[in-house]
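The following note sets out several points on the model shown below. Please read it alongside the sequence and structure.

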Amino acid sequence: MKTRHILEGYSFVGPWIIGFFLFMAVPLGRSFYYSLNNLKPTKQGLQATYVGLKNYRDAFTTDVKFFPLLLETMKDMLTQVPLILIFAMFCAILLNRNAFGRTFFRGIFFLPVIIASGAALRKLMEQGAASLPIFYQFELYRQLNAFIPEEVLDPLLKYADALTLVMWDSGVQILIFLAGLQTISPSLYEAAKIDGATEWEVFWKITFPMLIPMIFVNTLYSIVNSFTKPDNGVMNHLLNVVFVSNNYSYGSAIGWLYFIFIFIVLGIVFLLFRRGLTN
């Protein structure tokens, strides 16, 4: 049985491993080689001159945009990922109920994953479709500011303005939470009701603990998605360095630094969830 489970696991991971070595291993190795060299275009092609870690040092000493953009990206991730997880779990619980038209609404919530992605999402954001200007229109901001201090109102409106992006980025997470909810045995809920447990107690004692593996997966997915979104400052800076300035060596160094940063963040998430997954 153990051997069978191992073979089943490798059968699922196998296509990705094969694709990685066929299509990604060589470009990754070449980009790391570029990051350690200074590339100069010649008639014979790119001529590489070894400079060691100079490109990596320049990212923190010469480039005045990289580190501030990295901090801004981290701040956006810390604010948006919890909102996405809470919204996705709330919607999944509602969509898991026996209600008329729930299949239709599941498709509605997943639709932005297909439409609002890549170049389409970038175009929508350039046109202001991802913001809610209603709070700054009709003098609502001034009226709210009369009751709420500006120091509190501005962050609240910033979070409210991000609700559109939160809804657009929650489609996959909602499906994963739905799959997790449907694996929970109904007998657990029946036993809890017989014992007189409230809905609040049922959620924290049954639903939430059973969804911890799905919360872990959704957290990883949301973090990676946040770091690679079209409005990500570091990604846009990287595209400008590579495709506008044609500085391939420095762009490769920025890419590897960004990869290491994301890897560290994901490692911290693994450590935080390790106890909950092993229990």
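**Points on the predicted model**

1. The loop between helix H13 (233-244) and H14 contains Asn246; helices are DSSP runs of H or I with at least four residues, numbered from the N terminus. Although Asn246 is not a glycine, its phi is positive, at about 55°. Asn246 counts as partly exposed, with a relative accessibility of 45% (buried means under 20% relative accessible area, exposed over 50%, partly exposed in between; 1.4 Å probe, protein chains only).

2. This is a predicted model, in which local features need pLDDT of at least 70, side-chain atom pairs count only at pLDDT 80 or more, and totals for chains, interfaces and linings use all residues. Residues are numbered from 1 along each chain as its sequence is written, and side-chain values use heavy atoms, leaving out hydrogens and water.

3. The structure holds 16 aromatic pairs (rings of Phe, Tyr and Trp, the last by its six-membered ring, with centres within 6.5 Å; planes under 30 degrees apart count as stacked, over 60 as edge-to-face and the rest as tilted). One of them joins Phe20 and Phe21 edge-to-face, at 5.4 Å centre to centre and 80° between the planes. Phe21 is exposed, at 58% relative accessible area.

4. Phe227 and Phe261 have ring centres 5.7 Å apart and planes at 70°, so this pair is edge-to-face. Phe227 belongs to helix H12 (residues 212-227) and Phe261 to helix H14 (residues 248-278), so the pair ties together parts 34 residues apart in sequence. Phe227 is buried, at 0% relative accessibility.

5. A cluster of Phe32, Trp256, Phe259 and Phe263 is linked by ring pairs.

Definitions and conventions. Helices (H or I, at least four residues) and strands (E, at least two) are DSSP runs, numbered from the N terminus.
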